[in-house]
Amino acid sequence: MARRPVAVVAAIVLFGEAIGMVLINWFLGRVVHQQHMSMGGVDSGTMSTTTYAMGGVFGFYLAVCGVILLLTGVRDREPGRFGRILLVTCAVVHGVLGALTVGLIGWTAFAFMMVVLALIVLVLMMYAPRLPAEPVDAAPSGDGTPPEPAAA
């Protein structure tokens with residue numbers, strides 16, 4: 001399986017999810033603002049403003065993760081330390097949100113979240129840093145006997 005197409009597809013999915021997150025929170029903010037009622041003493045204007053802010057911040061977070069995946073796919077190199085940490089947190093967020101969406105929204109939303117989680121984890125595994133090979137202390141002898149351990 002090729003690494004580059006998986007990373008690019010994951011980036012496109014995260015860009016779409018970022019746009020969807022911003023639009024959903026914008027719609028919810030408009031609905032809350034039009035209600036003109038308070039919940040727990042919080043003004044509707046405050047609730048709508050925080051909904052807009054949450055949508056913008058989470059959309060930006062998903063877009064940055066998408067940019068990291070896109071750069072990973074275009075360059076065909078593993079993401080750096082910061083990029084890897086960001087992608088791991090994005091995978092964890094999708095796992096937690098997937099568990100929450102089963103009860104709140106349904107199995108279709110859960111399946112979508114698990115597909116996104118699988119794409120992110122697949123990219124992280126495909127671009128895992130390679131460990132250097134361990135040096136061999138002694139070459140094997142030609143008669144099939146194991147080499148003697150090195151003296152300390």
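**Notebook: helices H3 and H4**

I looked up the pair H3 (residues 81–104) and H4 (residues 107–126) and found that their axes come within 8 Å and cross at roughly 160°. Since angles over 145 degrees count as roughly antiparallel, I recorded H3 as roughly antiparallel to H4. The model I am reading is a predicted one. I noted the crossing of H3 and H4 as left-handed.

I then listed the residues that make this contact. H3 contributes Arg-84, Leu-87, Val-88, Cys-90, Ala-91, His-94, Gly-95, Leu-97, Gly-98, Ala-99, Thr-101 and Val-102. From H4 come Trp-107, Ala-109, Phe-110, Met-113, Met-114, Val-116, Leu-117, Ile-120, Val-121 and Leu-124. Sorted by class, the contact holds 17 nonpolar, four polar and one charged residues.

Next I checked the length of H3. Its 24 residues should span 34 Å at 1.5 Å a residue, and the end C-alpha atoms lie 34 Å apart, so the two values agree. After H3 I found Gly-106, with a positive phi near 140°.

Finally I turned to the whole chain. I counted four helices and zero strands, in the order α-α-α-α from the N terminus. Of the 152 residues, 28% are buried. Among contacts between residues at least 6 apart in sequence, I found that 68% join residues at least 24 apart.

Key
Residues are numbered from 1 along each chain as its sequence is written. This is a predicted model: local features need pLDDT of at least 70, side-chain atom pairs count only at pLDDT 80 or more; totals for chains, interfaces and linings use all residues. Side-chain values use heavy atoms; hydrogens and water are left out. Axes are lines fitted to C-alpha atoms, for helices over the stretch in contact, and angles run from 0 to 180 degrees between N-to-C directions. Helices (H or I, at least four residues) and strands (E, at least two) are DSSP runs, numbered from the N terminus. Angles under 35 degrees count as roughly parallel, over 145 as roughly antiparallel, 65 to 115 as roughly perpendicular and the rest as oblique. A crossing is left-handed if the near helix is turned anticlockwise from the far one by less than a right angle, and right-handed if clockwise. Contact means heavy atoms within 4.5 Å. Ala, Val, Leu, Ile, Met, Phe, Trp, Tyr, Cys and Pro count as nonpolar, Asp, Glu, Lys and Arg as charged, and the others, Gly among them, as polar. The expected span of a helix is 1.5 Å times one less than its number of residues. Buried means under 20% relative accessible area, exposed over 50%, partly exposed in between (1.4 Å probe, protein chains only).
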